[in-house]
Amino acid sequence: MPSLAGLFFWMNIKLENIKKLDVAKPLKLDCGKTIRNFPIAYETYGKLSDNKDNAILVFHALTGDQFVTGSNPITNKEGWWVTAVGPGKAIDTNKYFVICANVIGGCMGSLGPRNINPDTNRPYGLDFPVITIKDMVRAQESLLEYLGIKKLLCATGGSMGGMQLLQFCATFPDKAFAAIPIACSSSHSAQNIALNELARQAIMADPVWDNGQYVLKNVQPKNGLAVARMVGHISYLSEKGMQEKFGRKLQEKADYEFSFNADFQVESYLRHQGYAFVERFDANSVLYITRAMDYFDLSKQFKGGLVEAFRNQKTKFLIISFSSDWLYTTKDNKDIVIALNASGADVSYSEIITDKGHDSFLLNEPQFLKTLKGFIDSMYERFKNEKRI
Amino acid sequence: MKDLKMKKEFKVIADLLPNNTRVLDIGCGDGSLMSLLNEEKHIEVRGLELNQENVQECIHKGLPVIQGNAETELHQFPDKSFDYVVLSQTLQAFYEPEKVLRNLLRIGKSVVVSIPNFGFWKVRIKLLFFGEMPVTKTLPNTWYNTPNLHMCTIKDLFNFCDEKKINIKKVVGVNENKTSIINKSNLEIKNLFSKVGIFLIG
């Protein structure tokens with residue numbers, strides 16, 4: 001058996017210095033298994049007000065983590081949502097207390113397939129239970145309890161973060177005063193599942209993956225994982241956006257090389273994104289998290305469908321979609337709006353016109369950020385008043 | 001001046017709506033009417049608006065608004081899910097005003113529709129004596145850039161409701177700051193002297 005200390009050297013990750021909550025309360029997962037005494041890694045930004053009326057919970061997407069803004073202490077890069085969150089930003093950390101937790105199944109400190117399985121004293125690998133979006137959300141409830149927050153001012157998240165948020169609102173109808181699901185869907189479409197399957201198969205086809213046992217050998221199926229990430233990156237951009245960004249431009253060369261090297265800029269971009277990803281993310285985590293997304297179907301959880309999922313909602317919603325997002329389309333997002341309307345919930349909706357595809361929510365997209373800020377600030381005024389009364 | 005006139009129409013609409021009801025404002029613009037209804041009458045408002053800037057304006061004011069097109073996206077609202085649906089001065093801009101109106105009557109228990117009156121005397125004079133398509137304060141666009149596809153008069157809408165068996169509960173004519181109740185007996189004269197007609201139907 002390899003030494004445990006050396007296990008994660010490939011990522012050069014020092015996870016011991018990050019904030020973690022050890023959740024003592026057992027959590028029964030959708031698959032039937034129960035997890036106990038598990039860690040939830042999290043980060044907070046800003047200061048919680050005395051009235052506890054300024055807390056905003058952010059749910060991260062597939063490859064995100066708890067390091068929303070500022071500098072990510074693990075990767076030493078900027079937080080993944082630095083465009084929207086930070087001092088003076090749309091989600092202003094001078095004003096609001098922002099919380100984000102790493103999802104279970106992830107690899108940034110929360111319980112995931114790389115953790116040691118207490119039954120075997122070895123990393124879980126594929127013995128890790130298959131988790132769902134609902135499991136992720138329920139695991140984060142303890143964190144709010146720990147932080148002493150009964151009701152959030154707002155919860156938000158894009159992509160899988162938006163799915164977690166929809167689940168959060170359906171499971172806890174009165175835990176958020178306002179909610180902003182961004183570029184998401186209430187269930188994964190066939191195309192969504194197909195793309196995730198492509199990513200999983202790429203990982204599994206890498207011989208290094210070795211049925212998930214690579215962790216024991218202190219290696220990472222880099223090639224498979226990089227291809228999986230490339231698939232993702234293609235789906236995050238729009239056809240037009242990609243054409244405008246790369247076109248047929250060649251990568252630092254005057255003509256074709258007549259080889260299979262990265263002649264085109266778009267190839268070089270994908271390779272770069274793919275191989276940068278393997279430095280910070282665990283292959284088995286991609287399998288588990290994409291599976292959770294595929295299993296997500298909010299209407300399936302409720303007999304009356306999606307409308308029933310949002311019955312008795314007190315939360316005020318703002319749904320945002322991006323016109324060129326083909327992964328979670330405007331229609332996917334509008335279906336959520338329609339269900340919320342039908343259930344009588346308080347819902348606003350805006351479609352941001354942009355060529356930047358699904359990625360838009362992470363980018364400096366002025367109309368989007370303006371809408372986000374306007375909603376949160378106006379909700380804060382109302383929430384404060386409500387709390388006062 | 002324009003703002004003042006707008007406010008007059010909104011005031012008349014607000015007067016038609018009881019307190020503490022649920023109201024959907026179709027084409028809610030920057031949310032001025034919604035704010036008025038919410039603040040003065042404690043009405044639970046929702047808006048539908050096509051223009052992105054207007055949608056943002058509403059969101060900034062904390063008013064719930066859905067970005068969308070009333071011509072094609074009214075199906076998202078369930079039957080009788082609102083006490084009142086308000087459509088202010090846009091009926092004439094739809095491709096199929098009858099279809100939209102039917103939808104509004106499906107969504108709301110009652111509907112408030114206001115129209116710029118093409119039967120207003122200044123409009124008639126413009127066409128009759130000058131032979132030009134009328135441009136007035138209420139109808140500010142010229143023939144080639146007007147969004148209005150189906151202009152009508154107060155009398156037209158009155159007759160339309162009659163013909164289609166749509167119950168008219170109240171009609172108010174607005175001319176500058178004056179308002180008056182319109183009924184069958186004074187229809188001809190009010191059709192001549194009202195700039196805007198506001199119908200409560202359903």
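In which sense do strand β4 and strand β8 of chain A pair? In this predicted model, in which local features need a pLDDT of at least 70, side-chain atom pairs count only at pLDDT 80 or more, and totals for chains, interfaces and linings use all residues, β4 (residues 38-45) and β8(A) pair in the antiparallel sense over four bridges. Residues are numbered from 1 along each chain as its sequence is written, while chains are lettered from A and ligands numbered from 1 in the order in which they are written. Helices (H or I, at least four residues) and strands (E, at least two) are DSSP runs, numbered from the N terminus, and two strands pair if DSSP finds at least two bridges between them.

Strand β8(A) also pairs with strand β5 (residues 55-59) of chain A, in this case in the parallel sense and through four bridges. A:Ile99 of β8(A) stands opposite A:Thr44, and A:Ile99 is likewise the bridge partner of A:Leu57. Strand β8 spans residues 97-101 of chain A and is mostly covered, with five of its five residues buried; a residue is buried if 20 or more other C-beta atoms, placed from the backbone, lie within 10 Å of its own, exposed if 12 or fewer, and partly exposed in between. In a regular strand the side chains alternate between the two faces of the sheet. In β8(A), A:Phe97, A:Ile99 and A:Ala101 point one way and A:Val98 and A:Cys100 the other way, and all are buried.

Chain A is assigned two domains, domain 1 (4-188 + 297-388) and domain 2 (193-289), with bounds that come from an automatic or database domain assignment. The centres of the two domains, taken over C-alpha atoms, are separated by 25 Å. Between them, 32 residues of domain 1 are in contact with 25 residues of domain 2, where contact requires C-beta atoms, placed from the backbone, to lie within 7 Å. The side of domain 1 that touches domain 2 comprises 16 nonpolar, 11 polar and five charged residues; Ala, Val, Leu, Ile, Met, Phe, Trp, Tyr, Cys and Pro count as nonpolar, Asp, Glu, Lys and Arg as charged, and the others, Gly among them, as polar.

For the complex, the predictor gives an ipTM of 0.88 and a pTM of 0.93. The contact between the chains takes 21 residues from chain A and 14 residues from chain B. On the side of chain B that touches chain A, α3 (52-60) and β3 (65-67) are the elements that give two or more residues, and the largest share, five residues, comes from α3(B). By class, this side of chain B has seven nonpolar, six polar and one charged residues.

Within chain B, helix α2 (residues 32-41) has B:Leu33, B:Met34 and B:Leu37 as its buried residues. These residues line one face of the helix, because seen down the axis of α2(B) they fall within an arc of 105 degrees, the arc being that of the directions from the helix axis to the C-beta atoms. On the other side of α2(B), B:Glu39 and B:Glu40 are exposed, and just after the helix B:His42 takes a positive phi of about 50 degrees.

Positive phi values also occur in chain A. Most residues other than glycine have a negative phi, and most peptide bonds are trans. A:Ser159, although not a glycine, has a positive phi of about 60 degrees; A:Ser159 lies in the loop between β11 (152-158) and α2 (160-171) of chain A, and counts as buried because it has 27 C-beta neighbours inside 10 Å.

Note on methods:
Contact = placed C-beta atoms within 7 Å.
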